[in-house]
Amino acid sequence: MRLLSSRRRHPAAKALLLVAALFVIGAVYAAVAPTEQSAAEPNTSQQVTKGKELFSVNCSSCHGLNGEGTSQGPTLVGVGAAAVDFQVSTGRMPLAQPGQQAPIKPGEFTNDEIAALAAYVATLGPGPAIPDSSQYSTDGLSAEEIARGGELFRTNCSACHNFTGQGGALPEGRRAPSLVGVPNKHVYEAMLTGPQQMPVFSDQVLPSQNKREIIAYLNSIHAEPNHGGLELGGLGPVSEGMVGWAIGIGVLIGFAIWITARGARAR
Amino acid sequence: MAKPAKTATEAPQAAEQPDQQLGPVMKFFKGPAKWADDRTGVGGIMSGRIPNIFNLRKVFPDHWSFMLGEIALYSFVVLLLTGVFLTLWFKPSMGEIEYNGSYQLLRGLPMSEAYASTLNISFDVRGGLLIRQIHHWAALLFIASMLTHSMRIFFTGGFRKPREINWVIGATLLFLGMTEGFLGYSIPDDLLSGVGVRIIFGAVLSIPLVGTYLETWFLGGEYPGDILVPRMYMLHILLIPAVILALVAVHLVLIFYHKHTQFPGQGRTEKNVVGYPFFPVYTAKAGGFFFIVFGVIVLMAALIQINPIWVYGPYNPAEVSAGSQPDWYIGYLEGALRLMPNWEWHIGPTTWSWNIFIPAILGFVALPGAIGVYPFLEKWVSGDDLEHHVLDRPRNAPNRTAIGVAGITVYVVLMIGGANDIIATHFHISLNAITLTLRWGIFILPIITFMITKRICIGLQRAAYDRVLHGSESGVIHRSPAGGYSEPHTPITQGEAYTITQHHEYQPLTSGPQTDENGVARRGTAKERARRPFTRWYYGHNVPKPTAAEVEEARHHQGGHEVEGGHDDHAIESGEHSDEQVGAGHSD
């Protein structure tokens with residue numbers, strides 16, 4: 001103790017004490033602070049490892065062992081986690097069989113597995129990350145912004161997806177899928193990554209705010225009641241013409257037969 | 001000229017009724033009726049005393065297919081009534097305004113006044129959406145019923161002399177109806193119809209030499225300009241409806257003048273009409289049918305959405321949506337455009353767009369044109385200058401029936417082509433595969449349906465021939481003492497035999513004598529030689545009617561049939577285990 005007490009007025013004591021105090025506080029903080037940040041590293045690498053395992057079993061036969069692409073499938077370097085999340089959670093990937101376009105089917109992976117795959121593919125090269133819910137949530141948009149979303153949708157999307165997102169045909173058996181009932185997140189990811197035939201609408205082309213407006217418009221138009229009666233599949237004049245012939249002309253011919261089947265009664 | 005023949009079933013004139021027997025209502029109207037009669041002769045018309053084409057005692061035959069034209073007439077009346085309501089609110093202007101109506105999803109967007117006022121009719125005018133939907137459904141039914149009506153007349157030969165002019169008027173009405181419908185579909189200036197208008201002006205541009213001038217003349221400049229909607233509106237509510245109304249009037253007057261055709265049957269000849277008088281029977285039936293047609297249209301309009309322009313959005317030349325189709329009656333043109341290969345000439349600085357001109361312009365004119373011209377072609381082949389008031393049964397004109405079915409096949413193929421994207425998405429077929437199939441189909445399918453139809457008609461003729469000679473099967477199987485089986489046939493009634501055999505039999509032209517009476521080679525006139533293969537095509541395969549001698553012989557044969565026990569002309573093989581019995585019958 002003499003050693004310490006004799007030197008407590010030493011010029012370096014203040015500085016040393018400060019360093020010691022900082023060290024203690026730092027050590028205590030490190031012990032008490034939320035572990036997420038520090039635990040993330042090993043956890044993520046675990047996720048990546050798991051993702052790589054899943055990838056080599058399910059994806060590598062077409063996309064190559066390191067996602068470099070083969071003659072059967074495109075490279076995944078730089079597609080980003082958002083693309084993986086969209087393709088796998090909508091069931092488009094893994095592909096059941098080669099075709100013009102990957103069909104939507106029930107997904108085969110759990111959310112954890114999809115996250116692992118996405119984490120692995122994201123390590124292959126920089127690409128768009130999975131959007132968080134604040135990006136695609138439509139809360140707080142004004143009526144005018146939603147109406148503008150409609151105009152943006154008609155300008156950018158309706159050429160393939162139809163006026164109200166009912167979907168449409170593309171050449172050689174490809175098609176733009178229906179957007180009715182598609183979760184906000186998937187619509188957002190599709191715009192961000194441009195899956196299959198779809199062009200990429202990056203944030204530079206279509207800012208995140210506009211994407212939200214488009215999503216809000218789709219939700220509103222699909223939720224609105226059918227003003228004027230049965231909507232006939234939202235297909236426009238084709239189904240209207242069929243109904244006009246089948247019901248209109250059909251029923252009226254029935255009535256004509258009924259009317260002319262009865263003669264006038266002679267008195 | 002057709003002379004109105006005497007009607008066979010005109011009601012006997014009612015004897016003058018003494019005043020005392022008039023009911024209170026008749027008594028009340030006696031004065032005004034006399035007043036009107038003195039000035040217009042309306043009483044004579046009503047009672048049929050005046051030989052006038054407006055004779056209200058005119059007889060009309062009863063058949064459901066004679067009501068098809070009335071559907072067209074009544075839906076046109078519905079169109080006029082609802083159209084007047086819509087003009088009260090519609091603003092035919094392309095002036096740009098900001099929408100502030102009650103449809104939330106379009107608020108604040110710039111749009112034309114035409115589109116905004118259509119939104120107002122749909123959402124802010126009381127009953128406006130219902131009236132709009134009635135108007136639109138009535139338009140679809142108007143043209144559908146005109147087409148159905150014309151098919152009935154075509155297949156029964158109702159267009160033959162003296163009704164060719166009325167047939168041509170009908171074809172003109174079809175053409176005008178399609179134009180009128182398309183204009184009405186276009187004036188709300190929504191995104192769907194705007195795409196259609198864009199295509200039409202593309203088609204106008206494709207007309208060789210004058211196309212660009214026509215477009216500039218109609219639009220007052222480049223597409224879309226700012227006078228397109230007002231001009232289409234004028235055509236839609238004024239010019240074309242007026243012409244349609246006038247032609248409908250002439251059409252109806254000519255029906256009264258020619259008198260209605262009738263289906264063949266006992267007691268029906270070229271000189272009479274068997275049916276009920278127009279007044280009171282048909283005034284009641286037709287009047288009632290008007291309310292039925294109106295009611296069905298209103299019911300459809302109330303229950304089924306049509307042309308929801310608010311989901312299409314305002315027209316913007318930069319936007320084209322997938323699944324853009326015109327109303328069904330323009331669908332065949334849409335299909336023709338989609339199926340047409342990309343044929344274009346580039347001569348010097350000019351472009352000749354056959355890829356658009358042939359399907360869109362020629363196609364538009366071809367449908368009413370082909371319909372209008374057919375009676376004259378058939379008349380040239382048949383060389384028949386007689387008046388026809390008794391209709392053909394379609395089987396007795398197999399070639400005409402087959403041509404009609406082939407024409408319908410072409411039309412349907414084009415319609416399917418117009419909806420190829422909807423078919424591709426809903427049946428998971430490649431768009432290109434559909435187009436390729438239909439490109440072949442439009443040439444091959446009509447030939448196939450032509451042959452099938454003609455064979456069916458001739459088969460039916462053969463069945464009729466058998467029926468006249470052998471009667472109908474009684475369904476009773478007799479076993480003779482010798483063990484033979486036979487089925488006696490019941491002779492058909494006189495009336496049915498008449499219906500089956502009344503038609504005129506046209507004969508194919510034969511080359512005739514090769515030399516004339518002076519021994520000079522005779523080849524026939526050029527017309528005769530040109531007609532010859534066509535008459536063979538039209539009439540060469542017909543099954544001849546049984547002759548009187550054949551009928552007589554068959555009747556005799558039938559009479560002795562049941563007495564003759566072991567006669568096994570109609571032996572029936574009864575299947576697996578009775579072969580020996582039948583054999584025994586034969587050996588008898």
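UniProt, in an unreviewed entry, lists residues 265-459 of chain B for "domain: Cytochrome b/b6 C-terminal region profile". UniProt positions follow the numbering used here, feature names are shortened, and annotations may be inferred rather than shown by experiment. This is a predicted model, in which local features need pLDDT of at least 70, side-chain atom pairs count only at pLDDT 80 or more, and totals for chains, interfaces and linings use all residues. Residues are numbered from 1 along each chain as its sequence is written, while chains are lettered from A and ligands numbered from 1 in the order in which they are written.

**The annotated stretch of chain B**

- Residues 265-459 of chain B are 65% helix and 4% strand, and the end C-alpha atoms of this stretch are 21 Å apart. Helices (H or I, at least four residues) and strands (E, at least two) are DSSP runs, numbered from the N terminus.
- Glu270(B) is located in the loop between helix H9 (228-258) and strand E4 (276-277) of chain B.
- Glu270(B) counts as exposed because it has 12 C-beta neighbours inside 10 Å. A residue is buried if 20 or more other C-beta atoms lie within 10 Å of its own, exposed if 12 or fewer, and partly exposed in between, with C-beta atoms placed from the backbone.
- Not counting residues up to four places away in sequence, Glu270(B) touches Glu387(B), His389(B) and Val390(B). Two residues are in contact if their C-beta atoms, placed from the backbone, lie within 7 Å.
- Glu270(B) and His389(B) are 119 residues apart along the chain, but their C-alpha atoms are separated by 5.2 Å.

**Where chain B meets chain A**

- In this interface, 58 residues of chain B are in contact with 56 residues of chain A.
- Six helices of chain B each supply at least two residues of the side that touches chain A: H5 (128-155), H7 (191-205), H10 (278-303), H11 (309-312), H15 (420-427) and H16 (431-470).
- H10(B) gives the most to this side of chain B, with 10 residues.
- The residues on the side of chain B that touches chain A comprise 36 nonpolar, 16 polar and six charged. Here Ala, Val, Leu, Ile, Met, Phe, Trp, Tyr, Cys and Pro count as nonpolar, Asp, Glu, Lys and Arg as charged, and the others, Gly among them, as polar.

**Overall form of chain A**

- Chain A has 12 helices and two strands, and from the N terminus on its elements run α-α-α-α-α-α-α-α-α-β-β-α-α-α.
- Chain A has a radius of gyration of 31 Å, well over the 18 Å that the globule rule gives for 267 residues, so it is more spread out than a compact globule. The radius is taken over C-alpha atoms, and the rule is 2.2 Å times the number of residues to the power 0.38.
- Taken along the principal axes, the C-alpha atoms of chain A fill a box of roughly 140 × 45 × 35 Å.
- Of the 267 residues of chain A, 33% count as buried.
- The UniProt annotation "transmembrane region", from an unreviewed entry, covers residues 242-261 of chain A. This stretch is 100% helix and 0% strand, with its end C-alpha atoms 27 Å apart.

**Two domains of chain A**

- Chain A is divided into domain 1 (37-122) and domain 2 (133-223), with bounds from an automatic or database domain assignment.
- The centres of the two domains, taken over C-alpha atoms, are separated by 24 Å.
- Between them, 12 residues of domain 1 are in contact with 13 residues of domain 2.
- The side of domain 1 that touches domain 2 has six nonpolar, five polar and one charged.

- The UniProt annotation "binding site", from an unreviewed entry, covers Cys59(A), Cys62(A) and His63(A).
- Cys62(A) is in helix H4 (residues 60-63) of chain A, and His63(A) lies in helix H4 as well.
- Cys62(A) counts as partly exposed, with 17 C-beta neighbours inside 10 Å, whereas His63(A) is buried, with 24 other C-beta atoms within 10 Å.
- Leaving aside neighbours within four places in sequence, His63(A) is in contact with Gly69(A), Thr70(A), Gly73(A) and Leu76(A).
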